[in-house]
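User: I'd like a close look at a single part of this model, at the level of residues and elements. Could you walk me through it in one go?

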Amino acid sequence: MSGVRRFIARLVKGSAAHNTLTLPPPVPVFFQRSPGFPSGDVRGIDGLDFEVVLAGATIQTGRTGADGRIDVRVPLAGSSTLRLMVNGAAVATYEISRTSDALAAANAVDGQKQRLRLLGYQIGHAGPDGNGVDTAQNVEFERSVLDFQADNGSFTDAIVDATMQGQLTTQAGA
Amino acid sequence: MAVRVKIRNEKQIVVPVRFTRAVTGPTVIDAPDVDDRGFAPGARPATWGSSDYRGAMVGITEGDTVRVKVTREDLDDGAPLFVTSTNPKVAAVAGPPAGQPLAADGIIRITGVADVRNTPVKIQVRLGSATGPVLGELEPHIFQLHRLRVRLHLVSINGVATTRTAASMVPVFQQINDIWRAAGIQFDYDPALTRNEAVNGLAVAGQMTTNLAAHSFAEFSTIINLNPDNNRINIYCVRLANEVFGLTFANNVARPNGYGIVIADNSVPNSNAHELCHYLDNPEHAHENAARQGVRTDIWARRRLLWTPNPYPAANPAHRNDVGYGAQTRGALISVKDLAGDPWDGETNRARRRSLNPF
């Protein structure tokens with residue numbers, strides 16, 4: 001559940017008319033105990049209190065349900081701040097940015113990392129965006145490939161073959 | 001410091017924490033390797049019951065307290081974390097103290113209280129308080145200790161004897177038992193029972209000679225049939241072996257080919273523990289596929305006790321040169337999980353089953 005605060009600005013003092021600021025559309029962010037979209041199991045982190053801050057103003061507050069979902073309003077090519085709250089104080093912060101850029105090819109390392117990251121696999125924080133996505137075949141990437149293979153019942157050999165590329169595309173997008 | 005998340009394709013999953021081994025370097029008895037291979041639970045032996053946990057597993061001998069590390073993969077360092085057990089009568093949280101947050105080093109201490117059938121337990125990491133949201137889960141398996149008797153044989157081949165002595169093997173078995181502690185198995189070595197054996201007529205003095213590619217292991221069979229003790233695991237020490245640091249068949253291979261272990265003087269305790277894993281019904285290696293082809297070279301395979309060789313040559317990519325146990329050194333993980341994609345997984349369960357009837 002999330003509450004979206006309304007932003008209203010009057011045109012002039014005493015005017016009955018007003019402008020309504022348009023908030024960016026929401027994007028689902030799922031907090032989970034394990035990666036990948038659920039398939040009949042429960043992975044979401046239930047009961048996380050949160051707030052979303054955009055341009056210095058708190059625009060959303062709420063608490064996650066069983067699916068751990070937060071619909072974060074993030075401007076395209078911009079960013080919002082998502083804060084996890086405990087007793088009204090922020091204890092963890094996420095700088096959420098959003099891009100309309102297409103995913104890189106699934107046969108390229110950066111495309112594989114983008115998909116693994118999207119699915120919640122822990123690929124570290126290297127790379128230009130600080131989210132682990134780059135072209136380096138590092139230990140975090142290998143571990144996440146192995147995690148993905150294990151979670152999908154595949155032979156774990158850290159080789160991203162055509163089968164795994166297809167699974168990544170199916171689960172995270174083309 | 002904020003975690004940076006860049007959303008592509010209009011959706012994103014965040015998994016905040018992970019469980020890992022509490023130390024790096026050689027095996028430490030109270031810091032078992034954590035079977036963090038994947039988050040899916042895999043197959044479970046019938047006596048483990050069902051669980052909805054999603055995360056890592058770790059083995060703990062009943063009565064032991066072990067250390068495991070929580071890593072904040074996608075979570076601020078300062079976020080207050082609390083650790084709880086879903087069933088303290090099976091596995092209890094010994095640290096941090098109840099009501100206290102996890103320290104900055106991320107180390108939690110878990111006591112294996114009781115080995116209870118069909119009673120799975122979860123160690124849960126929670127945000128903000130002991131009743132806060134569950135960020136991550138670890139499933140410990142508590143094992144009643146199985147103690148297996150060992151008989152050591154010091155072998156002289158064509159007049160050239162092993163350099164090992166009964167006394168020198170005491171610390172070796174301590175290290176072997178450190179590795180096996182997480183599986184709830186202990187090898188009881190009594191140096192006073194050590195036997196001296198002599199064999200002549202082998203190809204090279206002091207050496208066990210084999211040609212494994214040609215399935216030629218006659219000298220191995222000769223050695224393991226020297227005065228065996230039918231009520232103990234028989235381990236034969238030789239000066240040298242031309243192809244291996246040690247050799248074992250699974251314990252379902254009868255004499256004259258099975259029921260014994262040969263170790264060379266240049267084998268380290270990790271290698272001896274490896275041979276004992278073979279003995280306890282785990283004949284295949286961690287790098288092998290279902291067709292027993294050595295195809296795996298990844299970091300997980302190298303972390304397992306049944307990886308071979310040890311030490312291993314320089315790897316490519318270079319990050320495979322240290323999987324947490326030192327440079328080009330195999331790990332000591334005896335797999336707890338039984339992953340669907342791994343034909344030889346579930347080593348702990350198989351070893352424990354055999355340890356009920358080991359001789």
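**Chain B, inside and out**

Chain B is split by its domain assignment into domain 1 (17-143) and domain 2 (147-359), with bounds that come from an automatic or database domain assignment. Bear in mind that this is a predicted model: local features need pLDDT of at least 70, side-chain atom pairs count only at pLDDT 80 or more, and totals for chains, interfaces and linings use all residues. As for labels, residues are numbered from 1 along each chain as its sequence is written, while chains are lettered from A and ligands numbered from 1 in the order in which they are written.

The C-alpha centres of domain 1 and domain 2 of chain B are 30 Å apart. Their contact takes 22 residues from domain 1 of chain B and 24 from domain 2 of chain B, contact being C-beta atoms, placed from the backbone, within 7 Å. On the domain 1 side, strand 4 (55-61) and strand 10 (134-143) of chain B each supply at least two residues. Strand 4 of chain B gives the most there, with 5 residues. (Helices, H or I with at least four residues, and strands, E with at least two, are DSSP runs numbered from the N terminus.) That side of domain 1 divides into 9 nonpolar, 8 polar and 5 charged residues; here Ala, Val, Leu, Ile, Met, Phe, Trp, Tyr, Cys and Pro are nonpolar, Asp, Glu, Lys and Arg are charged, and the others, Gly among them, are polar.

Now for helix 5 (347-355) of chain B. The buried ones are B:Glu347, B:Thr348, B:Asn349, B:Arg350, B:Ala351, B:Arg352 and B:Ser355. Their cover includes strand 4, strand 10, strand 11 (146-157), strand 13 (185-189) and helix 3 of chain B.

B:Asn316 and B:Pro317 are joined by a cis peptide bond with omega about 5°, and B:Pro317 sits in the loop between helix 4 (299-303) and helix 5 of chain B. The bond from B:Gly95 to B:Pro96 is cis too, omega near 5°, with B:Pro96 in the loop between strand 7 (91-95) and strand 8 (107-112) of chain B. B:Tyr259, in the loop between strand 18 (246-248) and strand 19 (261-264) of chain B, counts as buried because it has 21 C-beta neighbours inside 10 Å. B:Arg292 is in the loop between helix 3 (269-279) and helix 4 of chain B, and is partly exposed, with 13 other C-beta atoms within 10 Å.

Finally, the partner. Chain A puts 57 residues in contact with 48 residues of chain B. On the chain A side, strand 4 (26-31), strand 8 (79-86), strand 9 (89-98), helix 1 (109-118) and helix 2 (139-151) of chain A each give two or more residues. That side holds 25 nonpolar, 19 polar and 13 charged residues. Strand 9 of chain A pairs in the parallel sense with strand 1 (residues 3-7) of chain B over 5 bridges, where pairing takes at least two DSSP bridges. A:Ile96 stands opposite B:Val5 of that chain B strand.

Key: Two residues are in contact if their C-beta atoms, placed from the backbone, lie within 7 Å. A residue is buried if 20 or more other C-beta atoms lie within 10 Å of its own, exposed if 12 or fewer, and partly exposed in between; C-beta atoms are placed from the backbone.
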